[in-house]
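Subject: Structure handover

Hello,

Here is the structure for your files. My notes on it follow below.

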Amino acid sequence: MDLTRRQLLGAAGALGLPAALAGCGGFSTSDGSSGGASGSADTLTFTTWGTDAEIAGLRAAVSRFEESSGATVSLNVVPYEQMFSNIDAQIQAGNPPDVFRVPYYTFGSYAGAGQLLDLSPHLESGFADRFTPQAWAAVQNGGSPYGVPHHTDTSAILLNLPALEAAGVTDIPTRLEDAWSWDDLAAVATTLRASLPDDQYPFAYNWQGNGVTRWLSWLFQADGRFLTEDLSGPAIDSEAGRAAVEFTQSFFTQGWVPPNDTVTSSTYAQDTWYAQTVPMVWSGAFSIPDAESTLDFEWGATFAPQRVRGGGDFGGNALVATAGTANPELAAALLASVTEEESMRQFCEGASLLPTRADLVEQGITFDVRPDLAPVFLGQASVVRAQDSAQVASPDMASIITVLQDQLEEAFVGGQDVATTVQGLSDGIADAVR
């Protein structure tokens, strides 16, 4: 499976170590463990998936922690397709890893079920200040942190520059404040539709599979919500909700996206961009290394559009400790260490991902591949608000994802009207959070 498909299947105040761990020597990292806490006072198990660049960054961070703490961390790397079936089975069997990696949209289901360690007793005062508000909001459950935000990612628009120029689309925003409006995007799409052959389309959107949460970017751009502020009920039956459904439904009625660019499609949006079926695609920064090594045309990136405000998806992953870990202090110390400045910078720059530390966001980072695109993705991530990421971290998000998939598929290819779709979304979300 190629890098893009793997990724799409799919975002001061240090914690003190126990005194007994200070000043001990380093240990090596192992990759063959089957997971499950050993119970040893100075050993942790850590299960993850990832690209080669991500695993290299995690290995470096783990080695740094081992050297400073004297602990041993057994790093178990599994395919993404097996990751959560393995974790769920291990939790059921009572032998989960001490620490694992989890997407923000999945985090809430584990935290809400009481399966994660409440980090509150293990964090020093001010620990939360190292992160951006939207990142910290994404690891909360009931007002307490049950993980640390390791990195984020968000979707900007990747561009086939020669194809756009050939169609006469040359006014590409280079500053966040100049991002296209919805009307601007519609005008660009109309221009492209008129100039492209019938078997090509203006753009593709990356809402396939669990990526349906990326549709919420349109809702946020319209300044809407899908959950109430206390996350207890639906809030999508609004002008913003209707606007988001109506505008995205027009992608299909106007012929702006390929007919198979639906939320249930097995063809990922980026595949159509690679095949030059579309000159524009929404995608995360994680795809930059693969694109740079694969594509034979000049390409770049610009910001996602805005309506009332800017908005984007809060992608990426958190790191969490399981509630039953035999070493809660050590597990919490590992989570804190991996989010130290040096470790996070190395990880994000090497893997083309975005930091969650406020200082790194302010300073900026430089991707190892296509560093010129880092400001675009950092700028796009800056428009995500804490109120947006907090909703995606809802304990009921897994059920809400199914509601989004069902109702948007009906709106996009089933002919369902806007009012019926919004009502279906509202009713489905109400059932999901009941």
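The protein has 18 helices and eleven strands; these are DSSP runs numbered from the N terminus, with helices being H or I of at least four residues and strands being E of at least two. This is a predicted model, in which local features need pLDDT of at least 70 and side-chain atom pairs count only at pLDDT 80 or more, while totals for chains, interfaces and linings use all residues. Residues are numbered from 1 along each chain as its sequence is written, and side-chain values use heavy atoms, with hydrogens and water left out.

Overall dimensions

The radius of gyration of the protein is 22 Å, which agrees with the value near 22 Å that a compact globule of 434 residues would have. That radius is taken over C-alpha atoms, and the globule rule is 2.2 Å times the number of residues to the power 0.38. Along the principal axes, the C-alpha atoms fill a box of roughly 70 × 50 × 35 Å.

The accessible surface comes to about 15800 Å², and carbon and sulfur atoms account for 48% of it. Areas are from the Shrake-Rupley method with a 1.4 Å probe, and for residues only the protein chains shown count as cover. Of the 434 residues, 59% are buried. Buried means under 20% relative accessible area, exposed means over 50%, and partly exposed is in between (1.4 Å probe, protein chains only).

On charge, there are 18 positive and 52 negative side chains, and the centres of the two sets lie 2 Å apart. Lys and Arg count as positive and Asp and Glu as negative, with His and the chain ends not counted. Each charge is placed at NZ of Lys, CZ of Arg, CG of Asp or CD of Glu.

In soluble globular proteins, nonpolar side chains tend to be buried together. Here the largest nonpolar core holds 140 residues, and the members that touch the most others are W215, W218, F226, M280 and F377. A nonpolar core is a set of buried Ala, Val, Leu, Ile, Met, Phe, Trp, Tyr and Cys residues joined through side-chain atoms within 4.5 Å.

F377 is one of the buried residues of α15. Helix α15 spans residues 374-381 and is mostly covered, with seven of its eight residues buried. Those buried residues pack against α5 (133-137), β7 (156-160), β9 (280-283), α11 (288-294) and β10 (299-302). Beyond four places in sequence, the contacts of F377 (heavy atoms within 4.5 Å) include T154, A156, L158, A301 and L354.

I365 sits in the loop between α14 (358-363) and α15. I365 is buried because its relative accessibility is 6%. Among the residues it touches, not counting those up to four places away in sequence, are A374 and L378 as well as R345, C348 and E349.

The loop between α6 and α7

W180 lies between α6 (161-166) and α7 (182-195), and R175 is in that loop too. W180 is buried at 5% relative accessible area, whereas R175 is partly exposed at 44%. Leaving out residues up to four places away in sequence, W180 touches residues including D171, L185, V188, M280 and P305; M280 was listed above for the core.

W180 and R307 are 127 residues apart in sequence and 8.7 Å apart in space. R175 and F303 are 128 residues apart in sequence and 8.0 Å apart in space.

Backbone and other sites

Most residues other than glycine have a negative phi. D223, which is not a glycine, has a positive phi of about 65°; it is in the loop between α8 (216-221) and α9 and is partly exposed at 41%. Q276, also not a glycine, has a positive phi of about 60°. Q276 lies in the loop between α10 (269-274) and β9 and is partly exposed at 38%.

S250 belongs to helix α9 (residues 239-253) and is buried at 14% relative accessibility. Beyond four places in sequence, S250 touches G255 and W256.

H122 is in the loop between α4 (104-112) and α5, and at 13% relative accessibility it counts as buried. The C-alpha atoms of H122 and D88 are 25 Å apart, with the two residues 34 apart in sequence.

Regards
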